[in-house]
Every structure is written in structure tokens, then in C-alpha cells.
Amino acid sequence: MRILGVLFFIMGTLCAMAQTEVIAHRGYWKTDGSSQNSIRALVKADSIACYGSEFDVWLTADDVLVVNHDAVFKGVEIETSQSKDARAILLSNGENLPSLKQYLQAGKDCTTRLVFELKPHKNRLQEAKAVIDGIMMVDRMGLNDRVEYITFSADALEEFIKYAPKGTPVYYLNGEKTPQELHKLGAAGMDYNIRVFKKHPEWIKECHDLGMKVNVWTVNKEEDMKWCIEQGVDFITTNEPELLQKLLKK
Ligand code: MG
């Protein structure tokens, strides 16, 4: 009986010490034939078994969701442009700038989790429409249990929490809300820049005590990765997923 007790204790401790997971920032793009926010980068992140692959989403003026980081990309302001103009842009690997639909279609063939960042739009109504259209597209494509939403927009944060299916993780990126504030809003946790956690390392434990999770971006240096792992963060978002995987295996 005593041995059984010890075994349960060890198992419990191991479960409590869940390992930090790797999220590829804008996909795994630092590799041949890849490019930030390309479908190739998503497939590459999946091929090295990242926990998740992050990507950025905008709504064009004619209501098409597309995947890209920049508000203005190669001279085209995405939220005020027609989708045909945004989609005509070539990424550095030769792919056309993907629509969200194409991107999610590729995601269906992967097992990595899809970390959907909605960019803050200048037009508040358009941003709210992007939240709803994004949630509906994910739902129609049968991906509700594969997607996590993240955003810098405090409005979009509340809208994702309100309209995404119950239990869908929604994280806030902007760095100013405390764990208590995010918990009250119903967020899954904080997804903040490493500088915020260096200033407020106590927020990591406070999140965990509230049953929330911690994601840190964008951590590319080995020493910073080690610091985050020591702090027991749940996820690290990085441009160097293979380096982080190597550190986690040590
Ligand atoms: Mg992003």
C-alpha cells in the first residue's frame, strides 16, 4: 500500500509539472521554402510536431478573412483593400497571401493546434465582424477543438470569449491586464511579451493559481527560453521551434 501511495505521489507531481509546449510564431518559417504566415510554414511547424502554430488574421474591405501579419503589406493596407488585391500579393516563398479558408483547410490535414491571432483593426465594426466570421468559419470547418484565439484588442478578447464555443481557449496579448482581471473576463490566460513577465514574474504563479495558463512571446534566445522553462510557463511562442524542442529534451 505504501509503495502504491508513493507511486501516486510521483505520478501526481509529474502531472502537475506539465512540460512547456512549443508554439511556432507565424509558423515555422526559418526554413527552406518557407515564409512567415505561409501555408508552408504551418505544414513545417506540424512536421516537427509543434504543439501549436500561430498565424495572424485580417478582414479585407470586402469581408474576406486573410492571413498576414502586417497592417500594410507590400504597399497594400489589408483592412481597406479588396481581397483580390490582398490575395494577389506574393510571399517571399512564392505563395500567394493565403485566405483564412485555405489556411484552415491545410490545418485540417495537420495535428498541430491552430493559434489564431486576430489583429486589431482600425475600424471597430470590421474587427467585430472579423471575430464573428472567424468563429463561424472555424465552426463550419469542424475545427472548434483545434483552435485557440489570441488578440491584442481588448474588445475582440471579450467578443471571442462571448461568441466562441464554451471552453475554447482565448488569450490576451497586450500585457497590461492582471491575472485577476483576465480571470474575471473568462480568458484562458495571458499570452504576453517576455519583458512583461520579467517585470511581473509573480503573474505566472498567479495565473496558475487561478487555473489559467501562461504563454510567452516571442522567445528566440536560448537564455530566455531557459528562464521561461524554469518559471514553469505553459507555452513559449518562438521563431526557433527546433532550438526550443532541443532544450526541452535535455
Ligand atoms: Mg501574431
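**Entry 1: helices 10 and 11**

I began with a pair of helices, and helix 10 passes helix 11 in a right-handed crossing. I call a crossing right-handed if the near helix is turned clockwise from the far one by less than a right angle, and left-handed if anticlockwise. Before going on, I note that this is a predicted model, where local features need pLDDT of at least 70 and side-chain atom pairs count only at pLDDT 80 or more, while totals for chains, interfaces and linings use all residues. Residues are numbered from 1 along each chain as its sequence is written, and side-chain values use heavy atoms, with hydrogens and water left out.

For angles, under 35 degrees is roughly parallel, over 145 roughly antiparallel, 65 to 115 roughly perpendicular, and the rest oblique. The axes are lines fitted to C-alpha atoms, for helices over the stretch in contact, with angles from 0 to 180 degrees between N-to-C directions. Helices (H or I, at least four residues) and strands (E, at least two) are DSSP runs, numbered from the N terminus.

**Entry 2: helices 5 and 6**

I looked at this pair next. Helix 5 packs on helix 6 at an angle of about 30 degrees, with axes 10 Å apart. The two are therefore roughly parallel to each other. Helix 5 passes helix 6 in a right-handed crossing.

A salt bridge also joins the side chains of glutamate 159 and arginine 124, at 3.2 Å from N to O. Glutamate 159 sits in helix 6 (residues 154–163) and arginine 124 in helix 5 (residues 124–140), so the pair links distant parts of the chain, 35 residues apart. Glutamate 159 counts as buried at 16% relative accessibility, whereas arginine 124 is partly exposed at 31%. My cut-offs are under 20% relative accessible area for buried, over 50% for exposed and partly exposed in between (1.4 Å probe, protein chains only).

How many salt bridges does a search of the whole structure find? I got 15, taking a salt bridge as a side-chain nitrogen of Lys or Arg within 4 Å of a carboxyl oxygen of Asp or Glu.

I then checked glutamate 240, which forms a salt bridge with lysine 30, the closest N and O atoms being 2.7 Å apart. Glutamate 240 lies in the loop between strand 11 (235–238) and helix 11, and lysine 30 in the loop between strand 1 (21–24) and helix 2 (39–47), so the pair ties together parts that are 210 residues apart in sequence. Glutamate 240 is partly exposed at 24% relative accessibility, and lysine 30 is partly exposed at 43%.

Aspartate 85 and lysine 84 meet in a salt bridge too, at 3.6 Å from N to O. Here aspartate 85 is partly exposed at 37%, and lysine 84 is exposed at 59%. I also found a network of salt bridges linking Arg26, Asp56, Glu117 and Lys119.

**Entry 3: alanine 41**

Is alanine 41 buried or exposed? At 0% relative accessibility, alanine 41 counts as buried. Alanine 41 has its place in helix 2.
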